[in-house]
2 protein chains.
Amino acid sequence: MSHPLLEKHRDTLDSALNAIATRGYWTPFPEMPSPKLYGETAPDDGKRAFESHLGKPFELEQPGQAGWLGKEASPYGAALGVSYPVCEPKALIAAGTEAMKGWQAIGAAGRTGVCLEILARLNAQSFEIAHAVMMTTGQGWMMAFQAGGPHAQDRGLEAVAYAWREQSFVPAESNWEKPQGKNPPLAMKKHYQIVGRGVGLVIGCGTFPTWNTYPGLFAALATGNAVIVKPHSNAILPAAITVRTIRAVLAENGLSPDLVTLCVAPQRAATQALATHPAVKSIDFTGSNVFGQWLIDNCRQAQVYAELAGVNNIVIDSTDAYKAMLGNLAFTLSLYSGQMCTTSQAIFVPAGGIDTDDGHKSYDEVCADLAKSVERFLAKPEVAHAVLGAIQSADTAERIDIANGGELGRVVLASQRLDNPDFPAATVRTPVLLACDAGDEKAYMEERFGPISFIVKVADTAAAIALSERVVSTHGALTVGLYSTRQDVIDAMTEATWRSKVALSINLTSGVFVNQSAAFSDYHGTGGNPAANAAYSDSAFVANRFRVVQRRYHV
Amino acid sequence: MSHPLLEKHRDTLDSALNAIATRGYWTPFPEMPSPKLYGETAPDDGKRAFESHLGKPFELEQPGQAGWLGKEASPYGAALGVSYPVCEPKALIAAGTEAMKGWQAIGAAGRTGVCLEILARLNAQSFEIAHAVMMTTGQGWMMAFQAGGPHAQDRGLEAVAYAWREQSFVPAESNWEKPQGKNPPLAMKKHYQIVGRGVGLVIGCGTFPTWNTYPGLFAALATGNAVIVKPHSNAILPAAITVRTIRAVLAENGLSPDLVTLCVAPQRAATQALATHPAVKSIDFTGSNVFGQWLIDNCRQAQVYAELAGVNNIVIDSTDAYKAMLGNLAFTLSLYSGQMCTTSQAIFVPAGGIDTDDGHKSYDEVCADLAKSVERFLAKPEVAHAVLGAIQSADTAERIDIANGGELGRVVLASQRLDNPDFPAATVRTPVLLACDAGDEKAYMEERFGPISFIVKVADTAAAIALSERVVSTHGALTVGLYSTRQDVIDAMTEATWRSKVALSINLTSGVFVNQSAAFSDYHGTGGNPAANAAYSDSAFVANRFRVVQRRYHV
């Protein structure tokens, strides 16, 4: 059984399947916002499409509509003025459940084809979505385009590829013939039907409204489930554009658009009621530990795939490229003002300092040099604004102020306020670097989301590795890094990450950064430490989102 | 990377991989207890091996041994007199965790090879294990051999095949080269390490101590985890023999035998402490809803794969093979005195009766004819004893007495006590059949484990299908059946099972029975209704038992 849309996108699917098997570099979605790649008019068309949403109600024609809501305030300073339909959650659940019948009936091939078509359409909207992501999250333009557009589409496609691979293993039917010695065999015909578990709820975050939403959205959708997307209250527009496109593709293909809906909830209580509804069978969540743990504790009817807080960290033992290391770290700490779930928060440096190609550096020298490196990197305002973007939430700004105050550690580099000439009302802050001792666990051993990092003085490299392992095991992490010229140190750190189950980047000095993960190649999260109970993507991320129901009879 | 044991068993693995992909009939483990297949001396050797365990301590040389325990009383009437080491759970956890290092190091190929060797060795012990299963569970000899030996080994092999398939998708390393226009590409080397989650706890049941234990045991083991087997207190011996063989194969291959241990716990509190230990990362459980739900609610640090109670049911609409249908049902209700998790408990029959090839039959006639069919099937004592076996627990015997008393419904066929001349002290009971109305939900809508079935009078076929769906959705079921000559009824029942997520057997009239599921072909459970949150076996049963930890660096 195939489907016209599967055939249309067959090459993309085959390449994606090859990519997840070999995990080399691959993408069908160009990451450069170039008219050559996306079409001469794409940049202007995308900008206009984005602007056309502003100050208006965003129509979705969903069931159970009871009002309008939307108060997104851009971190760049402008109110977007878009309002979104508020729909009765029960109506969305009922319509989604009903829509699953047709979605089940077209089979894995049909579902995969439709998902691939949706992704191609979203890719064509990359400029529009990039503007929506930039203005709701405070990301710089380039990151908003890449992470919000093609990289998010990559992660969606990756989930579709995993979902297809697992579903394609289930044969539609079998002929079972059991020999009976000299008697005729026992013969049965068996049929195997893939059925989705039910409604999937995907709860987005305020910083990466597409990148962190597409994996769960497409994993649940491709495996036969209805999906309700509940975006962060300040980053609705990228999700709304996505949902509208999905609904259009569904309708064009004779499927109920109500399979995928947007849920804008006036209060957290409404989200909680939705999340605990018996028909909701999976929840994908990115966000705070408090709400994430609430979901895990209370939504026992659902599989919960959660990405929560963590304390990403780096061990510096030694390096043969001191300047390049500092430059790499400066970029990592500055990118999107450290508002990535993968940004390093704690940098462990031996009390006795480190050996480098530029001579031995004391702990204090490392602190000072990293501070200088960040300052130098952000010295040009146009670079600073492009990299830093704006601070997404008032809570983050407040955390920066607290860190600047020196309560959490000695201020090695104070956060500065910058004025963005293009967006005078934007909240722009440079990173703050703090120095503290390993014993000051209260300071550095909880997530302080934003551009706040600690250079932690640790007895020696062995202690730093042990501390890194303990931090990951108890508080979680999505990324750890290591700088060392010694193989025994690299081996010890590698084994520590096997125990604590976290991805390790070793000696990053050029154009790859510890806070970046590439779809099809890098697993985002391992699912094995407290920062996340699932990874983007692996078999476990998709395999339990569908069930197989068989029937059999004699023939 | 391969391993000598993987190469030794390569054909078996390849055939198993083909079997789970095509789901036709296949097994490497002959189900007939024949000297021709197992060796001329195998039956006697197996019997002697079993007898050599009786009345003695069962040495396992496990760490933390603090005493001996074992009070297995055979349902056939004899005390086995075997005692087993009682070991400190913490010592077993520590030793298992330590042993995981070497187990991780040999990789998926090594682990798979060792698991295949273990299964081959267990197969050679089928007679010994069959006696142990028979005497601890009360199963008849043939079932004890088949379900306790080759069929259990099939289910173990099936889990190993799934585990291998999923792990084999993870490349050991990749070369990631991202083009940079006219500049040289960004190039990284990445390594992907498969790591087990931690210690797997496998909690066995009293009726199928190998068949229900091997899937979780081998799924956890093959994916890189240590395993602690906690058998039911009355069915320790089959697990102990299994664990001893596993430990021997591990030691022969230079691996720590403490990777797999037996935990005989004096009280439930000890099992609870073990199950909630932070190092225990997966729990496979077969048993009661009470303890299963306790595990799910309290062991939040672990993935819990649970098979619990259910209300299996059959809808009878019509048949063109009335006698064969009754004969098939008589066998199903009698086999192992209905002490299978797959035995039908509720049979829904329209109030207006059913059309058959032997004319229309009223509801009362169906009741009477099924009763007669069971009586006739069990008329010969040698057949009755071979099929019924003995009652495994006093609770089951008590439930039979209550059903016989007529409190739960009109007694259509009373359970009889039989004397087994070979085992005078055995508790042997024939099935009890009760008639009741659909409204008597309190009677039939909870699991009454044992040979207790209800013929439930339902308004019509449509109501019967709706009732079946509701029972499965709310109380769970591992099996449902349907008898109908009408395609529209078959279609309606099929769709009902898609919604309630339960396996359907249609018009079984010959040598296949609704309570039997064949490894590699039939999924045991769907994981989608309250009777079980997992299936034997599918990708979801193995994919989340390991995690992938990556590391990357510039090249």
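## What counts as a salt bridge

A salt bridge is a side-chain nitrogen of Lys or Arg lying within 4 Å of a carboxyl oxygen of Asp or Glu. By this rule, the count over all chains is 50 salt bridges.

This is a predicted model, in which local features need pLDDT of at least 70 and side-chain atom pairs count only at pLDDT 80 or more, while totals for chains, interfaces and linings use all residues. Residues are numbered from 1 along each chain as its sequence is written, and side-chain values use heavy atoms, leaving out hydrogens and water.

## A pair within one helix of chain A

Let's start with Glu117(A) and Arg121(A), whose closest N and O atoms are 3.4 Å apart in a salt bridge. Both belong to helix 6 (residues 107-124) of chain A and are four residues apart, so about one helical turn separates them. Helices here are DSSP runs of H or I with at least four residues, strands are runs of E with at least two, and both are numbered from the N terminus.

Glu117(A) is buried at 8% relative accessibility, whereas Arg121(A) is partly exposed at 27%. Buried means under 20% relative accessible area, exposed means over 50%, and partly exposed is in between (1.4 Å probe, protein chains only).

## Pairs in chain B

Next, Arg121(B) and Glu252(B) form a salt bridge at 2.7 Å, N to O. Arg121(B) sits in helix 6 (residues 107-124) and Glu252(B) in helix 11 (residues 237-252) of chain B, 131 residues apart.

Asp401(B) also forms a salt bridge with Arg417(B), at 3.9 Å from N to O. Asp401(B) is in helix 17 (residues 394-404) and Arg417(B) in strand 13 (residues 417-420) of chain B, so this pair ties together parts 16 residues apart in sequence. Asp401(B) is partly exposed at 37%, and Arg417(B) is exposed at 62%.

Key
Chains lettered and ligands numbered in written order.
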